[in-house]
Amino acid sequence: MTPDTATDVFEQHRPVLMGVAYRMLGRVADAEDVVQEAWLRWSGADRAEVREPRGYLVRVTTRLAIDRLRQIKARGETYVGPWLPEPYVTDFGDTAPDTAERAVLADSVSLAVLVVLESLSPLERAVFVLREAFGFPYAEIAAMLDRGEPAIRQLATRARRHVEERRPRYEVDPAERRDLTERFLAAAAEGDLEGLMALLAPDVRLVGDSGGKARAPLRVLESADHVGRFLVGAARKGAPDLSVRLLELNGGPAVLALSGGTPDTVFQVDVADGRIQAVYVIRNPDKLRSLAGLTPEDGPGAAPA
């Protein structure tokens, strides 16, 4: 395999590698670092001994992500306020030709699921991601992680049960979710409290992530009244030279608000029974940096998952 061929092979599998790393870490910069390290390992490997490049690259990426996740957890850093994953621009492209497969990929990268995955051990998270999101056989996962297949099956069962018990139940009808997102944006921008209340479920929750570096609620807001009034108040305060655009983040439609061309806030909603059940607000500037270079032309295709 020539150097050019090796590069082509790696680039062919880069979307899957980035998808695995991001689901493992919930952080774009860390995922990019892991994929770059995987490239260094690939470029220095004896590729003549590699029978199946995709499996080899996923194994290397997964192990690197486990190590990175263990380092993050070992630091035991205290986060100010609620934590949400870093927004990730998604475009499944040719990685998921089947509609059902696309739905699985979108669900596995959703903010709600990634929050739950944070409570798994690094090994459980790896098994869950490889099995549930990417459909790897148990035997292949066992080989990737140097574990016996029975142990992998146990880890998968435990991780799946944990996620199912804690994940919220939201509909994933793309058309309905986009429609409600657009109506939500219009009502919030106009400060239309009555219009917002008509969209919000009575027990809606708003989760704001600022990391203590921007204005956002330091606790989860609950009820349509509290959430609606907060959103109207935030819209009235506004931001200088504000512009907004719709794009796909974490497998679903989202709103990116820019102040003076700089990413300021990401809004995303989850939907069930025709109402908005959850509102996610991400304002931590460290988590918005990866969105800074987006233009309407490149939009959702910037970082395949």
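Q: Is E182 buried, exposed or partly exposed, and what makes it so?
A: This is a predicted model. The relative accessible area of E182 is 36%. Buried means under 20% and exposed means over 50%, so a value in between is called partly exposed. E182 is therefore partly exposed.

Q: What makes the contact of E182 and R178 a salt bridge?
A: Their side chains meet at 3.3 Å, N to O. The cut-off is a side-chain nitrogen of Lys or Arg within 4 Å of a carboxyl oxygen of Asp or Glu, so the pair qualifies.

Q: Why are E182 and R178 separated by about one helical turn?
A: Because they lie 4 residues apart in helix α9, residues 174-189. An α-helix has 3.6 residues a turn, so residues three or four places apart point the same way. As for accessibility, R178 is partly exposed at 39%.

Q: Why is R289 called exposed?
A: Its relative accessibility is 60%. Exposed means over 50%, so R289 passes. The side chains of R289 and D286 meet in a salt bridge at 2.9 Å, N to O. D286 has a relative accessible area of 29%, so D286 counts as partly exposed.

Q: What makes R169 and E164 a salt bridge?
A: Their closest N and O atoms are 2.4 Å apart. The limit is 4 Å, so the pair is within it.

Q: Which residues are linked with R169 in a network of salt bridges?
A: D107, E164 and R167 are linked with R169 in that network. The structure holds 24 salt bridges.

Q: How do you know what span to expect of helix α8?
A: Helix α8 covers residues 149-166, which is 18 residues. The expected span is 1.5 Å times one less than the number of residues. That gives 26 Å, and α8 reaches 26 Å from its first C-alpha to its last, close to expectation.

Q: Which residues of α8 are buried, and what puts them on the same side?
A: The buried residues are I152, L155, A156, A159, H162 and V163. They cover an arc of only 135° around the axis, so they share one side of α8. What covers them includes α5 (111-117), α6 (122-133) and α7 (138-145).

Q: Which residues are exposed on the other side of α8?
A: P150, Q154 and E165 are exposed there.

Notes
Residues are numbered from 1 along each chain as its sequence is written. This is a predicted model: local features need pLDDT of at least 70, side-chain atom pairs count only at pLDDT 80 or more; totals for chains, interfaces and linings use all residues. Side-chain values use heavy atoms; hydrogens and water are left out. Helices (H or I, at least four residues) and strands (E, at least two) are DSSP runs, numbered from the N terminus. Buried means under 20% relative accessible area, exposed over 50%, partly exposed in between (1.4 Å probe, protein chains only). The arc is that of the directions from the helix axis to the C-beta atoms. Contact means heavy atoms within 4.5 Å.
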